[in-house]
Amino acid sequence: MKQKKHGAEEVVRGKGGELHQTSNGDVPILTTQQGTPVSDDQNSLKVGPRGPSTLEDFHLREKIFHFDHERIPERVVHARGYGAHGYFENYEPLPDITAADLFQRAGEKTPAFVRFSTVAGNKGSADLARDVRGFAVKLYTQQGNWDIVGNNIPVFFIQDAIKFPDLIHAAKAEPDRDFPQAQTAHDNFWDFISLMPESMHMIMWVMSDRAIPRSFRFMEGFGVHTYRLVTAQGKSTFVKFHWKPKLGMQSVVWNEALKINGADPDFHRRDLWNAIQSGSYPEWELGLQLFDDAFADSFDFDILDATKIIPEEQVPIRKVGRLVLDRCVDNFFAETEQVAFCTNNIIPGVDFTNDPLLQGRNFSYLDTQVKRLGGPNFTHIPINAPKCPFHNFQQDGHMAMINPKGRANYEPNSWGGVEGGPRESHDVGFHSFPAEEKGRKVRERSGSFADHYSQARQFYMSQTKVEQGHIAEALIFELSKVEKPAIRARVVSHLPNIDPKLADRVAKGLGLQGKVQSATAAVEPRKDLRPSKALSIALNPPKTFAGRKVGALVTDGVDRSLLDALKQELDAEGAMLEVVAPTVGGVQATDGTLIEADQKIGGGPSVLYDAIAVLPSVEGAALLLKNAAAKDFISDAFAHLKFIGWVQAAMPLFEKAGIAGDLDEGFIELTGPKTAAQFVASCRKLRLWQREQAVTT
Ligand code: HDE
């Protein structure tokens, strides 16, 4: 058949005018799943061009059959997620703490796969929901896969796994109407919470900026539960796992989150993908909080209670290695969707504690994979298979791909040698830590779990004024969406136990009548816990603007040398510049050169950037005065407390945006390379928090 050009493509036109792209030996030939070469992938087999389709069309049938079965059940929770490959690099041998193989040699790299997620929304929901983020790490060690299935918040809503189905039912869309999607701002969630005082600590975190991160790259991660590390000699140390982001923490403001969800629902996944593709590899350090039985016994709270933290000031974090994500997946479904994390995947040198939440999880994760991935052989899928040798006598089942070879499929056996297959090893094999256990068999919550408010208060008191304000506003926003006044009032009744001023502010914001009735606390909240600086994002600002992005609004006649100077400064900082222009085709600069645009105005609103530069020419600015998106670009950046680089020609646009009289220290006039450097230095602060009083977002 004769090939013709169609744009840049060589094509053959069929009798109905349809286009065929054919292989000339330069690309592989399309085949069926059975390997049979396909001659025509545009037309099904029919009796005459206008006749009925034939049942014998095996290619059509196989293609449609496979398509019909493309979906697997999405995760019940954490359905929306995004993953990447990387490695964990160990800093120094830790044989005195753990026998875990990956911690034995300095500089050794262990392959890793990480999946970040939101909890409540369905797979297709938006990234900037107010929600906990999953932070699940699979480490392919030489002694098996170790999964640290954590979150970006170090505590949880509930203390016992038996409440998990209720929590998730209440948080997800209401069952009769199937909305709201990916939001806790509804009656069922707050009804449940109001009757679950143990959730109050977590509620403080979820209402804080932690729940609206700017990027997965700027979040902390936590193992949440207390685990054990065990040495070869059998010595056990309690441990809590922390992941500390190298680029520091950063969140968006709530009004920004709402707008990002519309402008780019894939904001977080795009950010991770772009960062890795551009070679700016996200990195976290693994921190261990290590403590012994004596500390556990003397600590103010129960170390088995997942609604409690151990402040870093009390048990410092020891950094033992770094996690680097340096490779995107080849295929989202094969890797990110099919990856199966299980809290029960541990290795010699690591062990569980009796945390009743963790114990329940150890059942749930394995169970859920069978449902999601269709059978017991999900471990044969490459993303889930260990990268170390593995041998056992498990066999058959759906999709079995690596059944044991040879005659022996049981042990003990007397076949001997290789034919007899693998044997257990007392020396190398996993031994559970022989903790002493005794007690009555009871359904009973330990009295040591009964303090529900003290650490909620400690978290709140550890925040800056601005951050406290965000918690109050988040509560007001969420509870304003609750229809039943009794539920609103019941939630507010918990707040005096945390901070009376917070309670008053939220009550006022909701227009609650009368004095707030305080909920009775099971244990009198403590007022003596010291604030912990580590709990605040604002008190731990990043030292750099690296990994962040500036959006430059330009028009024809933009000063090229200024734009180049800005780009140079940002490159040096490890940050990025995106050009936002009236059309995506770009603009003509003062020197006559074409500057290509990354975004059309409106397609690249300022909520997608960490800071903006407004660099029009005088004529260009005049043309933009009637462009609503250009006005929003500026007024939103101002309202979201961002740093704004500008040139005099931008003034009419500032007037239009209603901010010409408000040029505060967040505005840096750009006149040349020196001011570009000043602008980037200011951007390191990320936001001008003082401006918040001047704007209501
Ligand atoms: Fe999960 N959780 N969870 N969870 N969880 C799942 O497992 C569960 C909890 C977490 O990226 C499910 O594979 C129970 C705490 C992450 O694939 C399921 C309880 C923490 C992910 C499940 C909890 C988490 C999950 C759904 C209460 C932080 C996503 C799909 C005892 C430490 C992993 C799946 C990924 C996923 C059960 C509580 C983190 C149903 C029963 C606490 C990051 O098995």
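Select P412 first: this residue is placed in the loop between α9 and α10 (454–461), where helices (H or I, at least four residues) and strands (E, at least two) are DSSP runs numbered from the N terminus. The peptide bond from E411 to P412 is cis, and its omega is near 5°. The model is a predicted one, in which local features need pLDDT of at least 70, side-chain atom pairs count only at pLDDT 80 or more, and totals for chains, interfaces and linings use all residues. Residues are numbered from 1 along each chain as its sequence is written, and side-chain values use heavy atoms, with hydrogens and water left out.

Remain in the loop between α9 and α10 and select D396. Its phi is near 60°, a positive value in a residue other than glycine. D396 counts as partly exposed because its relative accessibility is 38%; buried means under 20% relative accessible area, exposed means over 50%, and partly exposed lies in between (1.4 Å probe, protein chains only).

For another positive phi, go to L686, which is not a glycine and has a phi of about 70°. L686 is located in the segment after α18 (673–683). Its relative accessibility is 9%, so L686 counts as buried.

**The ligand and its shell**

Select the ligand next. It is surrounded by 22 residues, and the closest are R75, R115, S364, Y365 and Q369; a residue is near a molecule if one of its heavy atoms lies within 4 Å of it.

- R75: an N or O atom of its side chain is 2.7 Å from an oxygen atom of the ligand.
- H78: an N or O atom of its side chain is 3.4 Å from a nitrogen atom of the ligand.
- Y365: an N or O atom of its side chain is 2.6 Å from a nitrogen atom of the ligand.

Two or more residues of the shell come from each of β6 (133–141), β7 (144–151) and α9 (356–373). Colour α9 separately, as this helix gives the largest share, six residues. By class, the shell holds 11 nonpolar, eight polar and three charged residues. Here Ala, Val, Leu, Ile, Met, Phe, Trp, Tyr, Cys and Pro count as nonpolar, Asp, Glu, Lys and Arg as charged, and the others, Gly among them, as polar.

Move to P180, in the loop between α2 and α3. A cis peptide bond joins F179 to P180, with omega about 0°.

Continue into α3. Six of its eight residues are buried, so α3 is largely enclosed by the rest of the structure. To see them, select D187, F189, W190, F192, I193 and S194. The cover over these buried residues includes α2 (164–171), α4, α11 (465–480) and α12 (485–492).

With 6% relative accessibility, E198 counts as buried. Leaving out residues up to four places away in sequence, E198 touches F157, I158, Q159, D160, T307, R445 and H452; contact means heavy atoms within 4.5 Å.

**Two further buried loop residues**

Select T226, in the loop between β8 (221–222) and β9 (227–230). Its relative accessibility is 0%, and T226 therefore counts as buried. The T226 side chain reaches the backbone oxygen of I303 at 2.7 Å. Neighbours within four places in sequence aside, T226 is in contact with F238, V239, K240, F291, I303, T353 and L358.

End at P282, in the loop between α6 (267–277) and β11 (283–291). P282 counts as buried because its relative accessibility is 2%. Which residues does P282 touch, not counting those up to four places away in sequence? They are R217, L272, I276, L323, V324 and L325. For the pair P282 and V324, draw a C-alpha to C-alpha distance: the two are 5.9 Å apart in space and 42 residues apart in sequence.

Notes: A polar contact is a pair of N or O atoms within 3.5 Å; within protein, one must be able to donate a hydrogen and the other to accept it, and residues adjacent in sequence count only if both atoms are side-chain atoms.
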